[in-house]
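Subject: A structure for you to look at

Hi there,

Here is the structure I promised to pass on to you. Please open it and keep it on screen while you read, and I will walk you through what turned up.

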Amino acid sequence: MSFSSKITFFFCCAILTFLSCKNEVKAPEQNTATSDIPDREWWKEAVVYQLYPRSFKDSDGDGVGDLKGIISKLDYLKSLGIDVIWLNPIYASPNDDNGYDISDYRDIMKEFGTMADFDALLKGMHERGIKLVMDLVVNHSSDEHEWFKQSRSSRNSPYRDYYHWWPAEKGKPNYRYSLFDINHDAWKYDTLTDAYYLHYFSRKQPDLNWENPQLRKEIRNIMKFWLDKGIDGFRLDAFTFAAKDINFPPLSEGYEKDFMPYYSMQPHLHEYLQELNREVLSKYDVMSVAEGAGNTPQDAHDLVDADRHELDMAYPFECVDIAKSSGYSVVHLKEAFSKWDSIFSQKGWVSIFLANHDQARMVSRFGNDSPAFRELSSKMLTTFILSMRGTPYYYNGDELGMTNIRFDNIEDYNDMPTLNEYQRLKKTGGDLTKFMEELKFSCRDNGRTPYQWNASNNAGFTTGKPWLKVNPNYTTINAAVEDADPNSVLNYFRKMIQLRKKELTLVYGKYTLLDAENPSTYSYTRELNGRKLLVMLNWKATAAKANTGIDLSKAKLLLGNYPAPLLDGNLRPYEAVILELN
Ligand code: NOJ
């Protein structure tokens, strides 16, 4: 049965809007023959929604989002039509890096609630057909984890080799770059045992020693603990850093920041992952997603080639890193996404995303957050994410078209590496004005401001003082307003999800880039079992023509972000259309 040949665009929109307003999202019928799609997996067909718990919903007025807050919004989450929630870390943590510094892997962060809250959350999600993927942060722990306290206490501690120590009598260890340290030095001297420990992130995030089989066993047991509770998968944080050259040889000049080839992603990473897969992941019906994709396309492929039994999907950063404060080229963006599609065209699987908790807001980086174009460009980007081959990852708040907050004062920022870098520049006489301007575009706190629920105080996020300021535009950009508006960014997101669920061609279909050199538009076809869809997107604020070379006279509209599209390749600013060709 064809989706659009039987109904008009307006009828289709009305139905979908009705469904979404009633918050009753029914699984649509799929309209591509499903019997001969090879390697079908639930996690390939899922839409993943990334939820940043600190900023989602506060239930107790302490200004910090929490698990009970999420529970209170489960029906809303269900109404989106998403299948999986990836929850950023909720484990016990002193919060040097907002939960990415874990002090107890089997406990819940006090600000977020209790294990009973977690169990209730998981149950509530499963009752609504939503799966839960948790962050697994095991390249490093917190320095307040019991393992590190023990490890630090004596050179003879049985936990000493859980971390990387370098005895001071051997002299200063060879330089390693730290991403978050104020001096960018990954070695921290500790007087207690007269030795240096390694931390690729902050001083409070010492790197775990994966060479130690006992440590790897602890990690496997932690994974089993959560999987036995019924969670549905893991996102492996910073895992490429786990496999190091532990002889720490000197680096050639100029290569200090070149982690991947020189001091992470070492070949035994694959052995570690295969061990995790064999001993843990393969025993459950769960998904596993890498953070990053290694150093080369071959690395990426090897990490997620199903025959190698490592992880399920890669999460490459090349595409999302293209947006710069100075702008970006649409041609370059197309090349990057097309390259990653081709890496996994035969084997392996990729994630498609334009934002996450480490990035500023999607519409402010890739679209246009001016009043004239915020909604249109948000919808266009949503069309893109949900019509590409790969599992879409959608970051919370982007479905409302939330924008960068652009703080003027450093005091308003919370992000530890940002504050460290500011202090470093101040100390070394760097250009602070330029740095502050750059933060307005790229700082990850832009993407972490509280979720905008409604037009009441603090956007309905908290009754207390929010841990990070709420974006003042919450009075007009919020879930309540958008829920009631059939043409909102939010309701477009819901429609697009329904379309993807109905069209397995959008999940598995072959991707072919068209009109590659067009500087404004991004067009591609998706083809599966004789069905062919065409996506045409204008990524610019001026009208443009997509020259696809395809006869569009018989094309039918499946979804678009403007009323009455022309269907001839002429696209208005940020216009998006998905057409059925056959
Ligand atoms: C990657 C996470 O996404 C980021 O938020 C965190 O700061 C680093 N890993 C360190 O864990």
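Let's begin with Trp539. Setting aside neighbours up to four places away in sequence, Trp539 is in contact with Tyr328, Val330, Leu333, Leu354, Phe366, Met380, Leu381, Phe384, Ser520, Tyr522 and Tyr574. Please keep in mind that this is a predicted model. Trp539 belongs to the largest nonpolar core, a group of 155 residues. Within that core, the members that touch the most other members are Leu77, Phe118, Trp226, Phe234, Phe384, Tyr522 and Trp539. There is also a second, separate core of 15 residues, with Phe180, Trp187, Tyr200 and Met416 among them.

Now for the chain as a whole. The protein chain has 18 helices and 19 strands. Of its 582 residues, 62% count as buried. Its C-alpha atoms fill a box of roughly 75 × 50 × 50 Å along the principal axes. How does the radius of gyration fit a compact globule? For 582 residues, such a globule would have a value near 25 Å, and the protein chain has 24 Å, so the two agree. Among contacts with a separation of 6 or more, 70% are between residues 24 or more positions apart. The accessible surface comes to about 21,900 Å², and carbon and sulfur atoms account for 50% of that.

Next, have a look at strand 12, which covers residues 391-395. Five of its five residues are buried, so strand 12 is largely enclosed by the rest of the structure. Thr391, Tyr393 and Tyr395 point one way from the strand, while Pro392 and Tyr394 point the other way. Which strands pair with strand 12? One of them is strand 1 (residues 48-51), in the parallel sense over three bridges, and here Tyr49 stands opposite Tyr394. Strand 11 (residues 351-352) also pairs with strand 12 in the parallel sense, over two bridges, and Ser351 has Thr391 as its bridge partner.

Arg444 sits in the loop between helix 15 (432-442) and helix 16 (479-484). Is Arg444 buried or exposed? Its relative accessible area is 12%, and because buried means under 20%, Arg444 counts as buried. The side chain of Arg444 makes a polar contact with the side chain of Asp415 at 2.8 Å. Leaving out neighbours within four places in sequence, the residues in contact with Arg444 include Asp97, Phe180, His357 and Pro417. Phe180 is a name you have met already, as a member of the second core.

Ala323 lies in the loop between helix 10 (297-304) and helix 11 (330-343). With a relative accessible area of 4%, Ala323 is buried. Where is Arg365 relative to Ala323? The two are 42 residues apart in sequence and 6.0 Å apart in space, C-alpha to C-alpha. Beyond residues up to four places away, Ala323 touches Tyr328, Arg365, Phe366 and Phe441.

Lys131 is found in strand 5 (residues 131-136). With a relative accessible area of 26%, Lys131 is partly exposed. Its C-alpha atom is separated by 8.6 Å from that of Trp86, 45 residues apart along the chain. Not counting residues up to four places away in sequence, Lys131 touches Trp42, Asp83, Val84, Ile85, Met125, His126 and Asp232.

Enjoy exploring, and write back with any questions!

Best wishes

Methods
Residues are numbered from 1 along each chain as its sequence is written. This is a predicted model: local features need pLDDT of at least 70, side-chain atom pairs count only at pLDDT 80 or more; totals for chains, interfaces and linings use all residues. Side-chain values use heavy atoms; hydrogens and water are left out. A nonpolar core is a set of buried Ala, Val, Leu, Ile, Met, Phe, Trp, Tyr and Cys residues joined through side-chain atoms within 4.5 Å. Buried means under 20% relative accessible area, exposed over 50%, partly exposed in between (1.4 Å probe, protein chains only). Contact means heavy atoms within 4.5 Å. Helices (H or I, at least four residues) and strands (E, at least two) are DSSP runs, numbered from the N terminus. Two strands pair if DSSP finds at least two bridges between them. A polar contact is a pair of N or O atoms within 3.5 Å; within protein, one must be able to donate a hydrogen and the other to accept it, and residues adjacent in sequence count only if both atoms are side-chain atoms. The radius of gyration is taken over C-alpha atoms; the globule rule is 2.2 Å times the number of residues to the power 0.38. Accessible areas come from the Shrake-Rupley method with a 1.4 Å probe; for residues, only the protein chains shown count as cover.
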